[in-house]
Amino acid sequence: MKTSNYSGFFKLSVKERLNEVAEFANLTEEETAIITSADSLDEDKADHMIENVIGKYALPMGIAINFMINGKDVVIPMVVEEPSVVAACSNAAKMARPAGGFIASTSGNIMISQIQVLNVAVPFAARSMILEKKDEIMRICNEKDPVLVKLGGGAKDVEVRVLDTKVGPMVIVHLLVDTGDAMGANAVNTMAEAVAPYIEEITGGNIELRILSNLADHRLVRVRATWRKEDIGGEEVVEKMINAYAFAEADPYRAATHNKGVMNGIIPVVTATGNDTRAIEAGAHSYASRSGRYTSITAWEKDANGDLVGSIEIPMAVGLVGGATKIHPTAQAAVKILGVNKAAELAQIIAAAGLANNMAAMKALATEGIQRGHMSLHARNLANTVGAKGEVLEKIVKQMVAEKKVRLEYAQELFKKYNKQ
């Protein structure tokens with residue numbers, strides 16, 4: 001039976017880990033070669049992805065293991081430069097398995113495109129006028145993307161808001177568009193452009209901005225998991241973690257770092273699959289501020305058994321169709337490793353990684369402190385930087401951590417010392 005629950009995965013060589021993942025995900029030889037090659041994105045493709053290309057930039061891809069999501073075992077590719085992120089996700093996922101892993105759901109694939117209408121004489125009456133023509137507005141929108149409509153997507157509703165601003169009242173039209181398995185920015189922006197003249201005609205106003213919103217609050221993903229108290233260190237650890245959450249929920253200074261821990265799990269998976277990291281960051285942090293006060297993206301509670309229960313609700317505008325996901329060969333391989341066919345499945349996995357990383361960071365803070373785990377990984381990076389390998393590297397790491405002198409100059413000094421022996 002296929003399982004993501006590995007023991008000693010970190011002890012394997014890079015090649016051995018890749019072989020395990022290739023077997024899990026049924027990767028071809030070509031796909032495994034793509035993952036190991038920093039040159040998998042050829043120069044011509046790179047030159048057409050962005051402007052003024054001069055080269056390519058590689059980051060390590062790791063695999064978060066032990067995840068069970070909606071009863072399915074998953075291994076998660078993560079592209080990130082920060083030490084401890086992949087290990088943290090994997091450890092939190094392992095501790096969640098005894099209680100059933102992660103349960104995930106989504107609210108759908110609805111994206112919002114905004115149309116800004118200025119100089120409207122009667123803005124509240126104009127709101128009614130626009131809603132009276134909702135069917136015609138949606139017809140105009142859907143004419144622009146018949147393929148999307150055929151696949152079950154397209155414009156589904158229209159909302160209208162009247163905003164009081166520094167330059168006077170504005171009528172803001174929201175087109176609610178089901179973008180299916182695409183992130184959907186191009187689709188919703190094209191629809192907004194197409195319908196703008198008709199809305200001008202209805203309102204007598206002037207259309208200015210026509211652009212999607214990254215606050216995708218109609219495209220939410222929800223994930224929850226339970227960590228049994230005996231699996232994470234007992235009742236005292238649960239209490240300490242609840243206290244840490246209460247701090248983040250109440251204080252934006254703490255919430256910023258707390259949420260950064262969530263995004264440590266989310267962004268590496270978004271990157272690995274070729275999705276838009278900036279859109280996800282913007283959506284997450286604006287959603288965390290929807291009450292008018294910036295607060296925690298996650299919620300942490302203690303259930304009747306005294307176990308820790310974590311949950312996350314977050315906008316997740318990711319896609320499997322179009323963009324870098326379909327251009328970048330390594331992104332395509334990452335999607336195959338995940339075994340997803342729908343954007344909603346991808347969104348659930350990404351949010352589960354965020355919840356897991358948040359749990360791991362909170363547990364570290366509430367018990368040993370965050371620095372202990374970081375120290376050993378940072379020491380390893382420094383030893384690697386100065387050229388240490390094998391037994392010499394291990395000696396340098398052990399001594400720096402033991403003496404709590406994890407600095408580049410000390411790594412250089414130890415390297416000279418042990419390299420002479």
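Tutor: Residues are numbered from 1 along each chain as its sequence is written, and side-chain values use heavy atoms, with hydrogens and water left out. In this predicted model, local features need pLDDT of at least 70 and side-chain atom pairs count only at pLDDT 80 or more, while totals for chains, interfaces and linings use all residues.

Student: Why is strand E1 called largely enclosed by the rest of the structure?

Tutor: Buried means under 20% relative accessible area, exposed over 50%, and partly exposed in between (1.4 Å probe, protein chains only). Eight of the nine residues of E1, residues 61–69, are buried, so the strand is largely enclosed. Strands are DSSP runs of E with at least two residues, and helices are runs of H or I with at least four, both numbered from the N terminus.

Student: What makes E1 and E2 a pair?

Tutor: Two strands pair if DSSP finds at least two bridges between them. E1 and E2 (residues 72–79) have seven, in the antiparallel sense. Met68 stands opposite Asp73 in E2. The hairpin has two residues between the strands, and Asn70 takes a positive phi near 50 degrees there.

Student: Why is Glu43 called exposed?

Tutor: Its relative accessibility is 64%, so Glu43 counts as exposed. Glu43 lies in helix H3, residues 43–49.

Student: What makes the contact of Lys260 and Glu82 a salt bridge?

Tutor: A salt bridge is a side-chain nitrogen of Lys or Arg within 4 Å of a carboxyl oxygen of Asp or Glu. For Lys260 and Glu82 the N to O distance is 2.8 Å, and the side chains meet in a salt bridge. The pair links distant parts of the chain, 178 residues apart: Lys260 is in helix H11 (residues 252–272) and Glu82 in the loop between E2 and helix H4 (85–96). By the salt-bridge rule the count comes to 17.

Student: How do you know that Lys260 and Glu82 are partly exposed?

Tutor: Lys260 has 39% relative accessibility, so it counts as partly exposed. Glu82 has a relative accessible area of 21% and is therefore partly exposed as well.

Student: Why are Glu143 and Arg139 said to be separated by about one helical turn?

Tutor: Because they are four residues apart in helix H6, residues 134–143. Glu136, Arg139 and Glu143 are linked in a network of salt bridges.

Student: Is Glu143 buried or exposed?

Tutor: Glu143 counts as exposed because its relative accessibility is 53%. Arg139, at 39%, is partly exposed.
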